[in-house]
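Here is a short report on one protein chain. Keep the sequence and the 3D view open while you read.

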Amino acid sequence: MIVVAGEALIDLVPQGTGALAGLRPALGGGPYNTAVALARLGSPTAFASRVSLDAFGEALLDRLRETGVDLSAVQRGAEPTTLAVASLDGNGSAAYSFYVEGTADRLFAAPDALPAGTRAVSFGTCSLVLEPGASAYEELMRTAASRGLFTALDPNIRSGLIPDADAYRARFKSWLPSVSLLKLSEEDAEWLGGTPHEWLSAGPSAVVITQGGDGLTAFTRDGAVYAVPGEEVDVVDTIGAGDTVNAALLHGLSERDALSPGGPAALGATGWQELLRFAARAAAITCSRAGAEPPYAAELGPLGNV
């Protein structure tokens, strides 16, 4: 079981240009998208979050149920669902503004236990910024790491939600001893500062940096660097692409029986090249269709054949 911990929200996606363009609600949130993508790839997946009792919350959970995600770690509350208003540039890249005051996912409480058979826990995005929930997710991360579970972190920076950038950067560094796999975009890396070597020395076994259409690069603690190009695709939008990479990496590591804190180090050059190509292909499929619609296993084929 891979547990994905973090927010579920509604993306309001513009259907035209201008500030008053019509908005289409779409199910989203980085961790939520990661959970859906993992389950579609065939990994046993659970979601840990606090979800509203409102109609949006029910819709979010309905999709998880339909996808086969375990909901035993989901908390419920009467607070409203977080809203994220997306804007798309000419290349389909998305930027967001958020409506987060008093919303359900901010009141997440660290659980006493995780679902049976949990091997890995994934964290990221808004859930690690917005208090008091951020501290609860941080507690869960440290607890999982102390119990020897594989932990994955995608900070997925939303700078508009971060009131004190320096404080967040310091907090990010404090998480690294509890992280097995750090995945981030090159934009996140630039905003955070530091280098893969510095981050690896603090704890993670591997760092994976996504570079949009230019592909992915993995850095491992033994000094190795592995890179693959992006897959050419007609981009509709990039919503959920990074979350799909998260899921593909976790799924691939599970398939290689490498979901242990030091597991990525044992993959070697061939294993890493196959894993990165698999993630690049999965992200390309997501970019080829509107919204966060990650691929199913049948669309990708076996890990080593991509």
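E299 is partly exposed, with a relative accessible area of 33%. Here buried means under 20% relative accessible area, exposed means over 50%, and partly exposed lies in between (1.4 Å probe, protein chains only). E299 forms a salt bridge with R289, and the closest N and O atoms are 2.9 Å apart. A salt bridge is a side-chain nitrogen of Lys or Arg within 4 Å of a carboxyl oxygen of Asp or Glu. E299 lies in helix α9 (residues 297-300) and R289 in the loop between α8 and α9, so the pair ties together parts that are 10 residues apart in sequence. R289 is partly exposed too, with a relative accessible area of 26%.

The model is a predicted one: local features need pLDDT of at least 70, side-chain atom pairs count only at pLDDT 80 or more, and totals for chains, interfaces and linings use all residues. Residues are numbered from 1 along each chain as its sequence is written, and side-chain values use heavy atoms, with hydrogens and water left out. Helices (H or I, at least four residues) and strands (E, at least two) are DSSP runs, numbered from the N terminus.

The structure holds 15 salt bridges. In one of them, the side chains of E131 and R171 meet at 2.9 Å, N to O. E131 sits in the loop between β8 (120-124) and α3, while R171 sits in helix α4 (residues 165-175), so this pair ties together parts that are 40 residues apart in sequence. E131 counts as partly exposed, at 31% relative accessibility. Shared partners join the salt bridges of E131, E138, R142 and R171 into one network.

Helix α4 also holds both D166 and R169, 3 residues apart, about one turn of the helix. Their side chains meet in a salt bridge (3.3 Å, N to O). D166 is exposed, at 57% relative accessible area. R169 is partly exposed, at 23%.

## A buried strand with a buried charge

Strand β2 (residues 9-14) contains D11. How many residues of β2 are buried? The count is 6 of the 6, so the strand is largely enclosed by the rest of the structure. Both faces are covered: L9, D11 and V13 are buried on one side, and I10, L12 and P14 on the other. β2 pairs with strand β3 (residues 23-28) in the antiparallel sense over 6 bridges. Two strands pair if DSSP finds at least two bridges between them. L9 has G28 as its bridge partner in β3.

D11 is buried yet has no salt bridge. The nearest side chain of opposite charge, R158, is 7.5 Å away. For charge, Lys and Arg count as positive and Asp and Glu as negative; His and the chain ends are not counted. Not counting residues up to four places away in sequence, D11 touches residues including R24, A84, Y96 and I239. Contact means heavy atoms within 4.5 Å.

## The open sheet

9 strands form an open sheet with mixed pairing, in the order β5-β4-β1-β8-β9-β10-β11-β12-β13. β5 (74-77) and β13 (225-228) stand at the edges with a single partner strand each, so one side of each has no neighbour in the sheet. Neighbouring strands are turned by 15° against each other on average, direction ignored. Axes are lines fitted to C-alpha atoms, for helices over the stretch in contact, and angles run from 0 to 180 degrees between N-to-C directions.

Strand β12 (residues 216-220) and β13 pair in the antiparallel sense over 4 bridges. A218 stands opposite Y226 in β13. Helix α2 (residues 55-67) packs on the sheet, touching β4 (45-52) and β5; its direction makes about 170° with that of β4. Helix α8 packs on the sheet as well, touching β11 (206-210), β12 and β13, and its direction makes about 35° with that of β13.

In soluble globular proteins, nonpolar side chains tend to be buried together. A nonpolar core is a set of buried Ala, Val, Leu, Ile, Met, Phe, Trp, Tyr and Cys residues joined through side-chain atoms within 4.5 Å. The largest core here has 49 residues, and F47, W272 and L276 touch the most other members. Helix α8 (residues 268-287) gives the most to this core, with 9 residues. A second, separate core of 39 residues includes A48, A73, L149 and V179.
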